[in-house]
Amino acid sequence: MIKKIYVTLWVLWMLLIFWFSSQVAQDSQGMSDQLLAMIEHMFPVTRSIDMMRYLDHMSFIIRKLAHFSEYAVLGVLTVLCAREFQLKNAYILGFIWSVLYACSDEFHQLFVPGRSGQFIDVCIDSSGALFGILCLWCCLYIREKFSLTK
């Protein structure tokens, strides 16, 4: 049962990434701007610098954090699936899969109006996957070391 849950979540997450990447540039920017507006509402900032430059900078950061975090989740889900199927080197496989998916995602964006595939985004995505995988490894290691069922 848990295998089906992990695989379902894994596939749904990849579809979500694909959907985000399918958004034309204007729609993608609109999602970033909405998130930025929510953040500004929660944490109002008094700005003494040029407003447009500030908004562009914050929007850029939000988009890159989105790349990082969505691939952190993908890395975790990939490793969990690989572990459930008892594949050797689940952590390495999880990272390799995430990097390959990031490459395919950036290639896909070459065909979306206003979007571009960028190597830096593959690096950010891969870093996110590595971060997620390392966090998972640490959590599982701690759980194993401090398990009360010994």
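This is a predicted model: local features need pLDDT of at least 70, side-chain atom pairs count only at pLDDT 80 or more; totals for chains, interfaces and linings use all residues.
Q: Where does Met1 lie relative to helix 1?
A: Met1 is in the segment before helix 1, which covers 2-22.

Q: Is Met1 buried or exposed?
A: A residue counts as exposed when its relative accessible area is over 50%. Met1 has 75% relative accessibility, so Met1 is exposed.

Q: Now the backbone. What is the phi of Gln86?
A: Gln86 is not a glycine, yet its phi is positive, at about 55°. You will find Gln86 in the loop between helix 3 (51-84) and helix 4 (90-109). Gln86 is also exposed, because its relative accessible area is 70%.

Q: And what about the phi of Asn89?
A: Asn89 is a residue other than glycine with a positive phi, near 55°. Asn89 lies in the loop between helix 3 and helix 4. With a relative accessible area of 52%, Asn89 counts as exposed.

Q: Good, cysteines next. How many disulfides are there?
A: To count as a disulfide, two cysteine sulfur atoms must be within 2.5 Å. By this rule the count is zero. Take Cys103: the nearest cysteine sulfur belongs to Cys123 and is 8.9 Å away, so Cys103 is in no disulfide. For Cys139, the nearest cysteine sulfur is that of Cys135, 6.6 Å away, and Cys139 is in no disulfide either.

Q: What is the relative accessible area of Cys103?
A: The value is 37%, so Cys103 is partly exposed.

Terms used. Residues are numbered from 1 along each chain as its sequence is written. Side-chain values use heavy atoms; hydrogens and water are left out. Helices (H or I, at least four residues) and strands (E, at least two) are DSSP runs, numbered from the N terminus. Buried means under 20% relative accessible area, exposed over 50%, partly exposed in between (1.4 Å probe, protein chains only).
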